[in-house]
Amino acid sequence: MRILHTSDWHLGKSLEGYSRLVEQVLFLEELCRIVDKEKIDLVLIAGDIYDTVTPPAAAEKMFFKYMKKIADDAMRPVVAIAGNHDNPERLEAASPIASTNGIILLGNPKTVAEQIDTKGYKINNAGECYIEIEKNNEKVVIITLPYPSEKRLNEIINDDLSENEMQKSYSAKIKEIFQQASLQYREDTINIATGHFFVSFSEESQSERAIQLGGAFTVDASALPEKAQYVALGHIHRPQKVLNTHLPAFYAGSPIAYSLSEVNHKKSVFIIDVTANSEAVITQHFLENYKPIELWRANSIEEAIALCEENTDKDCYVYLEIKTQRVLLQNEIRQIKLAKRDIVQITPIMPEEAAVAKAFDDEKSFVEQFSDFYFSTKKVAPTKELLDLFLEIFYEDDVSE
C-alpha cells in the first residue's frame with residue numbers, strides 16, 4: 001500500500017494581512033497531481049486543516065473541493081484528523097456527505113468512524129482512536145488521535161476518573177491510549193498511527209501555536225505505539241523525523257512557509273510504501289515554493305529604496321530590515337512600498353538596537369532566541385523555571401481547552 005502523509009495546511013491563514021489562499025490552491029493542485037502520479041492508495045492529513053476554529057467560507061469550500069478530487073469518487077480513502085487550530089465538531093459536521101465521497105473526518109479522540117463500503121474501499125472496523133480500512137485486498141489499521149486536550153484525554157481513558165488517574169502526566173495518558181488502541185494491530189494488517197501533538201525535542205518554528213505550556217503538554221517519544229510501522233504526526237511546521245525513538249515517526253510539516261522563521265524549510269509530504277509485517281519505505285517528496293518569504297537587509301534608507309526598486313517584479317513576501325540613524329519618514333515608507341509590493345514588515349535597526357538584534361537568529365526556535373537574548377543582557381542562562389513562565393505567559397491565550 002502507498003500512503004501519503006501531509007499536515008498543517010492552515011487553510012485561510014494570512015501573513016500580516018496578506019491572504020495565502022492563492023498559494024494554498026497551488027499546493028492542493030500539486031497534491032492532486034502527486035497522488036495521481038504516485039498512485040497513492042491512502043492519504044493521511046495529520047491535523048490543522050484550517051487556521052482557526054471559524055475558517056472563512058472560501059477555505060472550507062477549497063478543502064472539500066480538492067478532497068473530493070483526491071478521494072477520486074471514493075476510490076481513494078482520505079483520513080483527516082483535527083488539530084489544535086480546528087473546531088472538531090465543525091470539521092465533523094460534513095461527515096455524512098464526506099464519508100460517501102471517501103473522506104473520513106475525525107474531530108475528537110472519541111469519534112468513531114462509520115463502517116461504510118464504497119466502490120474503492122471499505123471500513124471493516126472502527127472504534128475510539130482506531131479505524132480498519134480494506135483496499136485492494138490489503139488491510140490497514142490506523143490509530144487516530146486528533147488533537148488531544150487534557151479534558152478529552154481524561155474522557156477517553158476513563159469516564160469515572162480516580163485521583164491517581166487524574167494525576168497522570170499528559171505523556172503517560174497518550175501512551176495509555178496508544179497501548180489500548182494497539183490491541184487492534186494484527187500481523188496480517190498494515191499498522192499505522194496518526195496524531196496531532198508535540199513530541200519532545202522536535203524543532204518548532206514561530207508560526208506554530210503551541211499546545212504545550214512549559215512542557216506540560218509535551219509527549220515523550222517513548223509514548224508512541226511500539227508496533228506501528230509508521231507514525232504520521234502533525235503540529236510542527238518543519239518536516240522532520242522524531243528523535244529518541246527507533247520508530248519511523250515523522251512530522252510532515254506545513255506545505256508552505258507561514259512565518260519568517262520557516263524561510264529555509266524545504267516543504268514536503270511523505271510517501272510510505274508498506275505491506276503487512278514489513279518495514280516501511282519512506283520517501284520525502286519536496287513541494288514547490290509557490291511564493292517565497294525573504295528577509296532583506298539594507299545598510300541605509302537609500303539602499304533599502306534602491307533594493308526595492310531593483311527587485312520590484314520579484315514575486316515574494318519581504319521582511320525588510322534597515323540600519324538607520326533616524327526614524328523613517330512617511331514619504332520614505334511610501335516610496336519603499338510603491339517600489340515593492342508585498343512588503344510584510346519594515347524594521348528600522350537603530351544603533352542601540354543592533355546589539356539586541358544580533359542576539360537573535362532566524363534559524364533558532366523562539367525559546368532559543370529568548371534564551372540568547374536573556375544571556376546577552378544578563379550574562380547568565382535563564383533557568384528552566386523562567387523559561388516555563390515565559391512560555392506560559394506568551395502562549396496563555398493560544399492554547400486550546
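**Starting from one residue**

Happy to. Ser182 counts as buried, because its relative accessibility is 14% (buried means under 20% relative accessible area, exposed over 50%, and partly exposed in between, with a 1.4 Å probe and protein chains only). This is a predicted model, in which local features need pLDDT of at least 70 and side-chain atom pairs count only at pLDDT 80 or more, while totals for chains, interfaces and linings use all residues. Residues are numbered from 1 along each chain as its sequence is written, and side-chain values use heavy atoms, with hydrogens and water left out.

Ser182 sits in the loop between helix H7 (170-181) and strand E10 (190-196); helices (H or I, at least four residues) and strands (E, at least two) are DSSP runs, numbered from the N terminus. Leaving aside residues up to four places away in sequence, Ser182 touches Ile143 and Pro225, where a contact means heavy atoms within 4.5 Å.

Strand E10 belongs to an open sheet of seven strands, in the order E7-E8-E9-E10-E13-E15-E14, with mixed pairing; two strands pair if DSSP finds at least two bridges between them. Strand E7 (122-127) and strand E14 (240-241) are the edges, each with a single partner strand, so one side of each has no neighbour in the sheet. Strands of a sheet pair through backbone hydrogen bonds, either parallel or antiparallel. Strand E9 (residues 138-145) and E10 run parallel, joined by six bridges, and Val141 has Asn191 as its bridge partner in E10. Helix H7 packs on the sheet, touching both E9 and E10, and its direction makes about 160° with that of E9 (axes are lines fitted to C-alpha atoms, for helices over the stretch in contact, and angles run from 0 to 180 degrees between N-to-C directions).

Another loop is worth a stop. His235 lies between strand E13 (230-234) and E14, and because its relative accessibility is 1%, His235 counts as buried. His235 and His196 are 39 residues apart in sequence, yet their C-alpha atoms are 5.8 Å apart in space.

Ile301, Ala304, Ile305 and Cys308 of H8 are buried. They cover an arc of only 95° around the axis, so they lie on the same side of H8 (the arc is that of the directions from the helix axis to the C-beta atoms). An α-helix has 3.6 residues a turn, so residues three or four places apart point the same way. E18, E19, H9 and E20 are among the elements that cover the buried residues of H8, whereas the face turned away from the buried side carries the exposed residues Glu302 and Glu310.

Side chains of opposite charge can pair when their charged atoms come close. A search of the whole structure finds 15 salt bridges, each being a side-chain nitrogen of Lys or Arg within 4 Å of a carboxyl oxygen of Asp or Glu. In one of them, Arg90 pairs with Glu60, with 3.0 Å between the closest N and O atoms. Arg90 is in helix H3 (residues 88-92) and Glu60 in helix H2 (residues 57-71), so this pair ties together parts 30 residues apart in sequence. Arg90 is partly exposed at 36% relative accessible area, while Glu60 is buried at 18% relative accessibility.

Asp342 and Lys291 also meet in a salt bridge, at 2.4 Å from N to O. Asp342 is in the loop between helix H9 (330-339) and strand E20 (343-349), and Lys291 in the loop between strand E17 (281-286) and strand E18 (293-298), so parts 51 residues apart in sequence are tied together. Both Asp342 and Lys291 are buried. A further salt bridge joins Glu294 and Lys314, at 3.1 Å from N to O. Glu294 lies in strand E18 and Lys314 in the loop between helix H8 (301-310) and strand E19 (317-323), so this pair links parts 20 residues apart in sequence. Arg2, Glu38 and Asp273, in turn, are linked in a network of salt bridges.

Stepping back, the chain has twelve helices and 20 strands, and buried residues make up 54% of its 401 residues. Of the contacts in the chain with a separation of 6 or more, 65% involve residues 24 or more positions apart.
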